[in-house]
Amino acid sequence: MYLKIYYHKIYNILNQTFKEKEKKKKKKNTHIHHVHVHFHKEANIEKQNEKDSQSSPPFIDSFIHSTNLWELYSQIDRQKQQQQHSEVKERSSFKMPVAASAVYFLNLRGDVLINRLYRDDVGGNMVDAFRTHIMQTKELGVCPVRQIGGCTFLYMRISNVYIVIVVSSNANVACAFKFVVEAVALFKSYFGGAFDEDAIRNNFVLIYELLDEIMDFGYPQNLSPEILKLYITQEGVRSPFSSKASEKPVPNATLQVTGAVGWRREGLFYKKNEVFLDIVESVNLLMSSKGSVLRCDVTGKVLMKCFLSGMPDLKLGLNDKIGLEKESEIKSRPTKSGKTIELDDVTFHQCVNLTRFNTEKTVSFVPPDGEFELMKYRITEGVNLPFRVLPTIKELGRTRMEFNVKVKSVFGAKMFALGVVVKVPVPKQTAKTSFQVTSGKAKYNPSIDSIVWKIRKFPGQTEATMSADVELISTIGDKKSATKPPIQMEFQVPMFTASGLRVRFLKVWEKSGYNTVEWVRYITRAGSYEIRC
């Protein structure tokens, strides 16, 4: 009697489970076949039709034709294990890329100074593969990322130490190299600015403690020296040539470690509250000999230096197209802005509120104390070239050439460029040169095979010319078409931006309500500024 009741309970559970599975498989027009089983000695089991027998689950059939309860339990366990294995396999296919499975510090001979294993997917002898396949084959300067077997080796040389990161699974290479750079800066802050083999040997205990804090199971954690020094107070062994540690007031540890503002300490006070903002741009140009632009872009960065008391909140407005359109939508009226630009590849400092930037397209932040880089950007359209170069080269026979180079400044007449340098390449067999320039000085530099034309101050909306006669050494043999390197320029134009980027406003809010003085400066420099002859 008790056995029959127990069988009925198991059957109800299995039947309910089967019904739930069938409902998930068939969303519409599902029909679940109920199997009626009677546990009586003289009862007869009716034959089911083909449709019911095909849709009946296998564990019901085994339940009918078997009276062995242990076999039924084992079958259910096998099905559960298969289902759990499939779920684990699906979850494992969506792994986050790991930055490091193990970190090794090696000297130039390949000896291990110190190492730390964060995951068990790599062996302890992986450094032997790095020493054999990379260091002994003299391929250290070819590529910093190498794959040997099923592992990826990422390495970087700092002074006389190689830092090697080993990853067996999908590796986040950019995160790994960023971790190495930040870790070296952290070690230098503890060692007094020195990071070499001697510094590592003198600070084994401290390095092990730091390695445990800055990475967890292959994922980088907090690497800020200001925060880590709050609870890792051990001082490193400093070399006699290292700089002395500056004594700074200890900030609030709770706010720094757990708070949202970990880059600024509380209690700052300045008699005069000032903000300095610099927009520095580099112009990259490649122009053909016919005057058409082959490549042109601008890379810029916004540098800030803040001397503000308390915990201020700053808001920066630029004349970018997306920000102005969002502001006009919020205010429900068009904004009077003039020229707008489109920023590409924008990256921000960690202090910028990205949530507010995504919703309102405004750069709002609580700035760190002192100097820092707020943002970087790139612009590929609507670039204002500060200079145009018009070269003319004539070959007068086999041993004489004539160069005429005209440089025009395109920026405003009230502006001026500083440190203008024009490098005009000449043949290697140059024997004698003579120059005529309207401004500046020209000189032949045989070490770089170029005529270097320097102008200390170049006003806007003006032009300068240089004429040069070059005498060549006569050579015996057929005249080959020699390659002509491009003309290169160096310059610096204050209060001018090639992208047209402008600061519309810079607002400072602080609960005490003090007055601030804002300083804004623009500067444009030459990156790779080349004109083909």
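Start by colouring by pLDDT, since this is a predicted model. For the protein as a whole the mean pLDDT is 79, with 72% of residues reaching 70 or more.

Next, select residues 1-7, where pLDDT stays under 50 and the model has eight contacts beyond four places in sequence. Residues 242-256 are also below 50 in pLDDT, and beyond near neighbours in sequence this stretch has 22 contacts in the model. Where pLDDT is low, the predicted coordinates should not be read in detail.

Now turn to the charged side chains: the structure holds eleven salt bridges. Here are some stops among them.

- Show Asp212 and Arg116, whose closest N and O atoms are 2.7 Å apart in a salt bridge. Asp212 sits in helix α8 (residues 204-214) and Arg116 in strand β2 (residues 112-117), so the pair links parts of the chain 96 residues apart. Asp212 is partly exposed, at 41% relative accessible area, and Arg116 is partly exposed at 25%.
- Move on to Asp121 and Arg119, a salt bridge with its closest N and O atoms 3.7 Å apart. Asp121 is partly exposed at 32%, whereas Arg119 counts as buried at 16% relative accessibility.
- Finish in helix α6 (residues 173-191), where Lys178 and Glu182 lie four residues apart, about one turn of the helix. Their salt bridge has its closest N and O atoms at 3.1 Å, and Glu182 is partly exposed, with a relative accessible area of 29%.

How values were computed. Residues are numbered from 1 along each chain as its sequence is written. This is a predicted model: local features need pLDDT of at least 70, side-chain atom pairs count only at pLDDT 80 or more; totals for chains, interfaces and linings use all residues. Side-chain values use heavy atoms; hydrogens and water are left out. pLDDT is the predictor's confidence in each residue, from 0 to 100. Contact means heavy atoms within 4.5 Å. A salt bridge is a side-chain nitrogen of Lys or Arg within 4 Å of a carboxyl oxygen of Asp or Glu. Helices (H or I, at least four residues) and strands (E, at least two) are DSSP runs, numbered from the N terminus. Buried means under 20% relative accessible area, exposed over 50%, partly exposed in between (1.4 Å probe, protein chains only).
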